[in-house]
Each structure stands twice: as structure tokens, then as C-alpha cells.
Amino acid sequence: MSAQTETLPSALPATPLTKSDEADRLRTVPVRRTGQWVAAVAALTLLALVLSSVIRNDAFQWDVVADYFTTTAVLRGLGLTLWLTALVMVLGFALGTLLAVLRLSTNRVLQAIGWGYVWLFRSTPILVQLLFWFNIGALYPEILGVRTVNLLGPVTVAVVGLTLHEAAYAAEVVRGGILSVERGQIEAAQSLGLGPWRRLRRIVLPQAMRSIVPPAGNMLIGTLKGTSIVSIIAVQDLLYSVQLVYHRTYQVIPLLLVATLWYALVTSLLSIGQHYIERHYARGTAGAR
């Protein structure tokens, strides 16, 4: 009996896909975002209506705004506002850095002093603090043999009050930045024999700037706008300067718009500067742009 062998039919060769077939197989269908487009169109329409209303409303008196925008009184007030903001930020962060070091100290007494300062000045409104300093003569008529009545002028009161207030917030910003530095960096500096102040200045603060700069920039913008509160004690800043004008001309709305536009312009410039400073200190990090 002869052996019979059964042969299986060979598999048919696969038909190669053409380019059009491959494109059809890999074609993706974009997600339709109809709701987002409708919301965007509605928002732009509403914005256009608001801008048209503001521009075409004669009550805003844009011609008066243009007339007073660069007057000597307004520019003088703007200059005082910028000077006050810069001085308060420098002094506030200098004192705030010292307070942050006290709060991070291993000495319980120094910790308590730093914590008490921050608690006190963050717990009371800045207006109340300014009024207290403005009336310091009523609280302490004489200090170390010096009569305090009329000793501090309005500008000095503004500098002292705003600086002490901002230092409390700056202390928390600096403390948070210092705590963000890896402990290993500090230990490495200690192993090299660097003293505490040198470690802080050369190792800790440069690395902490990544965490300090963003809130510090926000504080700067907040301080710029917050200086308007000194008008309550007759400091001739930007707001007080326009108030003097509209008390004489009774053109309240256009003069307030003058102050608003100047605040918006300076704030925008500071925001641009903050962006580039943040990008500088964020070099080498994943979030740097």
C-alpha cells in the first residue's frame, strides 16, 4: 500500500495596501468643539459691545481724558507713586528677609519675634496702620526726649507704614523660597565650611529666587496699586493729584479714567518685566519657556 501524502494549500499572499488604503485606515476624525466656538463668538460679541459702549459714550469725556493725561500735576503724582512703590519694595524685602531668617532660626525667641511681627502686621488693615502712624503724636507725645507731634510728615508716614506692612508679606515670600531649596544643597554648603550668612547669600537665596520672583512680582504690582491708599493722609500721589483736579473742575469720571489708564499702563509694563525675570531664573527647569 503506497503511502499517500496530503499537501496543504499554501497561504495566499497578502495583498499590499495602497497609499490611499493606508491613509483611510489611519485617518483621524477631529473632535468637534461646537460649544467652545459658540462660547468664543458670544464672548467676542459681548466684548465688542462693551468696548463700543465705552468708546461711544459721551459721558466718559475722552477729550478731557486726553487733555489731562500728561499734565504736570498728574505726571508729578505718577512720579511720587513710582518712587514710593520702589522704595517700599526695597525696604520691605530687606526687612522681610531679616524676618524670614528669624522665623527659620533655631532660637525659639527669635522665631517668636518673627512670627509675632508677621501675625501683627498681616492681621490689621493697612489703612488702620497708616492712621496709627499718622497720629503717633497722640499715642506717644514724646519719645526719648523728642516731641513726636508733627514729627512725621505725610510722605514719611506713608513710607514707614507701607514698608512695615509689606515686610510682613515679604517675610513669608522669602521664607517659602528658602524652604523650597533642597536640604542637600545646604548640607553640601555646610560641609564646605561656609558660614550661615555666606550660605544664605551664595547658595540658598540664588536658588530660592525661582520661588520668590513670581509672588514678589505680584507684590510689586499690588504695592503699586496699594499706594493709592496714602491719598487718605494727603500724600500727593497719582490718585490724590487727580482728586485735586476734579474737586476743582467737577469732572470726576474723566479724571478717574486718567488715573486708571496710568495704573493699567504701568502694571502692564511691570507684568512684562516680571515675565522675563521669571524666565531668567527658571532656566534649566522643565517649566522654563
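A nonpolar patch on the surface is formed by V128, F132, L139, Y140, I143 and L144, which together have about 650 Å² of accessible area. Patches of this kind consist of residues with over 30% relative accessible area and no salt bridge, nonpolar side chains (Val, Leu, Ile, Met, Phe, Trp, Tyr) being joined within 5 Å. Accessible areas were computed by the Shrake-Rupley method with a 1.4 Å probe, and for residues only the protein chains shown count as cover. The structure is a predicted model, in which local features need pLDDT of at least 70, side-chain atom pairs count only at pLDDT 80 or more, and totals for chains, interfaces and linings use all residues. Residues are numbered from 1 along each chain as its sequence is written, and side-chain values use heavy atoms, with hydrogens and water left out.

F132 is partly exposed, its relative accessible area being 49%; the class lies between buried (under 20%) and exposed (over 50%), for a 1.4 Å probe and protein chains only.

The largest nonpolar core comprises 16 residues, and V74, L238, V242, V258, W262 and Y263 have the most contacts inside it. Such a core is a set of buried Ala, Val, Leu, Ile, Met, Phe, Trp, Tyr and Cys residues joined through side-chain atoms within 4.5 Å. At least two of its residues come from each of α4 (72–103), α11 (238–249) and α12 (252–281), with α12 giving the most, seven residues. When neighbours within four places in sequence are set aside, V242 is in contact (heavy atoms within 4.5 Å) with V74, L255, V258 and A259. Another core, of 15 residues, lies apart from this one and includes V181, L200, A216 and M219.

Helix α4 also contains T85, which counts as buried because its relative accessibility is 4%. Beyond its neighbours within four places in sequence, T85 is in contact with L220, T223, L224 and T227.

Two salt bridges were found in a search of the whole structure, each defined as a side-chain nitrogen of Lys or Arg within 4 Å of a carboxyl oxygen of Asp or Glu. In one, the closest N and O atoms of R103 and E172 are 2.6 Å apart. R103 lies in helix α4 and E172 in helix α8 (residues 154–179), so the pair ties together parts 69 residues apart in sequence. R175 also forms a salt bridge with E172, at 3.0 Å between the closest N and O atoms.

Technical notes:
Helices (H or I, at least four residues) and strands (E, at least two) are DSSP runs, numbered from the N terminus. Patches are made of residues with over 30% relative accessible area and no salt bridge: like charges are joined within 9 Å, nonpolar side chains (Val, Leu, Ile, Met, Phe, Trp, Tyr) within 5 Å.
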